[in-house]
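Dear colleague,

I am passing on the structure we spoke about, followed by some notes on what turned up in it. Please have it open beside this message as you read.

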Amino acid sequence: MAFNVLIVDDSMAMRSVIRKVISISGFDVGTFFEAGNGKEALEVLNGQWIDLVLSDINMPEMDGLTFVKKMREHEIYKNIPVVMITTEGSQACIDEAMSLGVKGYIQKPFMPEVIKEKLEEIMEKTR
């Protein structure tokens, strides 16, 4: 089963890297969608069916944690699994993300096999 994936990162280059890593990992993606911040990501969610969100934390306009809070307030989006992919490594930030129901936390830089394993594990639990 192919999954629609939303990648949220203010760096276009990083979104491209994440998309490529997921593609070469063999994770079954239907369509990739992208957003440069949480506000844009909410707009994508309003118009597309998304199965999984991968989000950075530190972004302009709306950061990743605020974005996840907004998702959790919305009846349709609140159960979409979210994985944070970020350079942010403080324990307080990790704890806050997990308290919001984030399903995974991957620190940049990352290895392709780490992403594939984490995404498959998360999507297997949501089936």
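Just after α4, Gly101 adopts a positive phi of about 90°; helices here are DSSP runs of H or I of at least four residues, and strands are E runs of at least two, numbered from the N terminus. This is a predicted model, in which local features need pLDDT of at least 70 and side-chain atom pairs count only at pLDDT 80 or more, while totals for chains, interfaces and linings use all residues. Residues are numbered from 1 along each chain as its sequence is written, and side-chain values use heavy atoms, with hydrogens and water left out.

In α4 itself, Cys93, Ile94 and Ala97 are the buried residues, where buried means under 20% relative accessible area, exposed over 50%, and partly exposed in between (1.4 Å probe, protein chains only). Seen down the axis of α4, these residues fall within an arc of 100°, so they line one face of the helix, the arc being that of the directions from the helix axis to the C-beta atoms. They pack against α3, β4 and β5, with contact meaning heavy atoms within 4.5 Å, whereas the face of α4 turned away from the buried side carries the exposed Ala92 and Ser99.

Two loops also deserve a mention. Glu61, in the loop between β3 (52–55) and α3, has a positive phi of about 70° although it is not a glycine, and Glu61 counts as exposed because its relative accessibility is 60%.
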